[in-house]
Amino acid sequence: MRSDIQPNERSFTTKEVAEKVGIATPTVRKYGQILERNGYEFLKDKDRRIFVQSDIDALIAVRDTDKPLDDTAKELVAQQKERLAGTSPSDITDIALADTYDALPDNPEQLKETLMFLAKEVAAAREMNVQLAEGMTQLKTTVSRLQQDHHVISSAIGNSAQKTHAKIEKLTEQQRSNYESLLEQEKEKSERLEFELQSLREEQEKEWRSQSDFNKRLEAALQKREGGLSKIFSIFKR
């Protein structure tokens with residue numbers, strides 16, 4: 001059993017040791033297991049290690065060593081055995097467990113002051129709890145408002161997207177309708193031009209036939225006239 005504990009020596013939890021040594025809580029457990037594996041003795045409350053200042057010094061030595069951890073642990077175990085060998089069982093004392101108050105004073109006035117101090121501490125803790133509760137309520141209200149705002153914004157974006165999509169569809173339909181209308185107009189113009197061209201061709205052909213008929217009649221008349229003159233000239237020749 002450990003016999004190197006000083007009277008009312010302060011003890012530390014694993015979390016407190018981690019903060020003091022500057023390592024993570026799992027690392028404290030790891031170093032403790034390495035030390036125990038090599039024969040180091042910790043004070044324990046059931047399976048929970050209770051650390052004192054000498055144990056913290058041992059953990060710091062393990063943290064800062066350049067040697068293999070087991071070698072450093074063996075050296076620390078040897079030092080602990082030498083320290084324990086220099087004490088007798090009568091030197092064994094109780095330790096002040098972490099998170100406990102010192103022994104209450106026997107003086108009534110001092111006891112009254114201690115109780116008043118504790119009452120103030122309790123009142124302060126209650127006030128802090130009330131403030132925390134109010135803060136949580138305000139936080140919940142803020143979160144609720146943010147959720148509502150998010151819902152409103154999402155709905156507005158959705159409605160805007162729907163309206164924009166409807167406008168795009170309407171414009172697309174208008175453009176398609178205008179294109180079809182223009183295409184129909186161009187088709188009608190083309191048909192009218194083709195009809196007019198056909199009419200012009202027919203009139204031109206009609207004019208050509210009329211001119212051809214006129215030319216034939218003229219040629220026939222000229223030939224008939226030439227025949228009459230020939231008869232007259234033949235009379236004079238006789």
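Reader: How many helices and strands are there in the protein?
Author: The model, which is predicted, contains five helices and four strands.

Reader: In what order do the elements run from the N terminus on?
Author: The order is β-α-α-β-β-α-α-β-α.

Reader: What percentage of the residues count as buried?
Author: Of the 238 residues in the protein, 16% count as buried.

Reader: And which residues have the most contacts inside the largest nonpolar core?
Author: They are V17, V28, L35, F51 and L59, in a core of 19 residues. At least two residues of this core come from each of α1, α2 (25–37), α3 and α4 (69–85).

Reader: Let us take one of them: what does V28 touch, leaving out residues up to four places away in sequence?
Author: With those left out, V28 touches T14, V17, A18, I23, F51 and L59.

Reader: Now the helices. At what angle do α1 and α3 pack?
Author: Helix α1 (residues 14–21) packs against helix α3 (residues 53–64) at about 50 degrees, and their axes are 10 Å apart. The two helices are therefore oblique to each other, and their crossing is right-handed.

Reader: Which residues make that contact?
Author: From α1 the contact uses V17, K20 and V21, and from α3 it uses I56, L59, I60 and R63. Sorted by class, five of the residues are nonpolar, none is polar and two are charged.

Reader: How do the axes of α2 and α3 cross?
Author: They cross at roughly 95 degrees and come within 10 Å. Angles of 65 to 115 degrees count as roughly perpendicular, so α2 and α3 are roughly perpendicular to each other.

Reader: Which residues are in contact there?
Author: On the α2 side they are V28, Y31, G32 and L35, while α3 contributes A58, L59, V62 and R63. By class, this contact has six nonpolar residues, one polar and one charged.

Reader: A change of topic: what is the phi of K46?
Author: K46 has a positive phi of about 60 degrees, although K46 is not a glycine. K46 is placed in the loop between β2 (43–45) and β3 (48–50).

Reader: Is K46 buried or exposed?
Author: K46 counts as exposed, because its relative accessibility is 77% and the cut-off for exposed is over 50%.

Reader: Lastly, among contacts with a separation of 6 or more, what share joins residues 24 or more positions apart?
Author: Such residues account for 69% of those contacts in the protein.

Notes:
Residues numbered from 1 in each chain as written. Predicted model: local features only at pLDDT ≥ 70, side-chain atom pairs only at ≥ 80, totals over all residues. Heavy atoms only, no water. Axes fitted to C-alpha atoms, helices over the stretch in contact; angles between N-to-C directions. Parallel < 35°, antiparallel > 145°, perpendicular 65-115°, else oblique. Left-handed = near helix turned anticlockwise from the far one by under 90°. Contact = heavy atoms within 4.5 Å. Nonpolar A, V, L, I, M, F, W, Y, C, P; charged D, E, K, R; others polar. Core = buried A, V, L, I, M, F, W, Y, C linked by side-chain atoms within 4.5 Å. Buried < 20%, exposed > 50% of the residue type's maximum accessible area, 1.4 Å probe, protein only.
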